[in-house]
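Subject: Handover of a structure and the findings on it

Dear colleague,

Please find the structure below, together with its sequence. I would be grateful if you kept it open while reading the notes that come after it.

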Amino acid sequence: MSDLPPAAYPATTRRMLESAGYECTRWAAAYRTLIARHAKGRLPAWFDPWITHAPQMHEEAITTLQFDADSAGRWWLRSGPAASTHARAMLHLPILRPFWQQELRQAHFDSLRGLVAPAWLLDDTPLPHGSIIAGLGITSWADFRLKHHPQHFALVDEKNVPRACEAEKLPALATEKKWLLTAHPQAQNSLIARYQTDASGRITLTDYQAMP
C-alpha cells in the first residue's frame, strides 16, 4: 500500500473508508433508479419540482473520495454522490426511507446517513398535523431561527451553488421549491481515499492519506 496514512487514524476509520467506496457506488445506482421511477410517473406529484432541478448522476467507478473531520472528530463525506446537495437531501428525506432501505440494504443506508451531512428541500407543502421537519425539530420554516444558528447551515440553489443562510428568508424561499438547506460542518482536517474496481465489480480501498 502506498501513501500510508498517519498512525493516528484508528482502525475504525479504515473500516469506514473500506466500506464507503462500495456504499457510494450503491447510493449512486439507487439515485439513478429514483430518477427513472419519476420518469415513469411512480413518484408523488409534489416531488416534480425537485426532480426537475436534481442533477444527473452518471454511472462511473468510484476512484477517490474526500472526507472531512469536524471539531468532534466525526468524518463527513464531501465528494462522490455527496457532492450533490439534492442527493443528500433525498437520502435523508423520511418519505423515501423505504426506497433507500430496499435499494441499499439497512446497514449501508445507516452507514451513509452517518457519513452524509443532512440537507433539506425547502418546500412550503403543509406538514401533517403533529409532524415536524425531520432533523430540525421544527414545524415550519418560520421557526428555524428560533432553534438553529444560521452559521451552521448554508442555502443551496438549483445549480448546487451555496450561499449564506438567511433564516428570515426561508419561508419565502420555500414557496419557490428550488432551494435547499444544508448542514455545514466545519472541517478541521481532511483525507482522501482511493479505490479500484476489479473485473468482477469489487471495490477495494487502495490507499488513503491526509490532505494538506
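The notes below describe a sheet, a helix beside it and some loop residues.

The model is predicted, so local features need pLDDT of at least 70 and side-chain atom pairs count only at pLDDT 80 or more, while totals for chains, interfaces and linings use all residues. Residues are numbered from 1 along each chain as its sequence is written, and side-chain values use heavy atoms, with hydrogens and water left out.

The sheet

Helices (H or I, at least four residues) and strands (E, at least two) are DSSP runs, numbered from the N terminus. Two strands pair if DSSP finds at least two bridges between them. Four strands form an open sheet in the order E3-E6-E4-E5, with antiparallel pairing. E3 and E5 (162-164) are at the edges with a single partner strand each, so one side of each has no neighbour in the sheet. On average, neighbouring strands are turned by 30 degrees against each other, direction ignored; axes are lines fitted to C-alpha atoms, for helices over the stretch in contact, and angles run from 0 to 180 degrees between N-to-C directions.

Strand E6 (residues 180-183) pairs with E3 (residues 119-121) over three bridges and with E4 (residues 153-156) over four bridges. Thr-182 in E6 is the bridge partner of Ala-119 and also stands opposite Ala-154. Leu-181 in E6 stands opposite Leu-155.

In a regular strand, side chains alternate between the two faces of the sheet. In E6, Leu-180 and Thr-182 point one way and Leu-181 and Ala-183 the other, and all are buried (under 20% relative accessible area; exposed is over 50%, partly exposed in between, with a 1.4 Å probe and protein chains only).

The helix and the loops

Helix H3 (residues 85-92) lies across E3, E4 and E6, and runs at about 90 degrees to E3. In the loop between strand E2 (75-77) and H3 is Ser-84, which counts as buried because its relative accessibility is 8%. Not counting residues up to four places away in sequence, Ser-84 touches Pro-55 and Asn-160, where contact means heavy atoms within 4.5 Å. The side chain of Ser-84 also reaches the backbone nitrogen of Ala-87 at 3.1 Å.

Asn-160 lies in the loop between E4 and E5 and, at 30% relative accessibility, counts as partly exposed. Most residues other than glycine have a negative phi. Asn-160, however, has a positive phi near 70 degrees. Lys-177, in the loop between helix H7 (170-174) and E6, also has a positive phi, near 50 degrees.

Yours sincerely

Terms used. A polar contact is a pair of N or O atoms within 3.5 Å; within protein, one must be able to donate a hydrogen and the other to accept it, and residues adjacent in sequence count only if both atoms are side-chain atoms.
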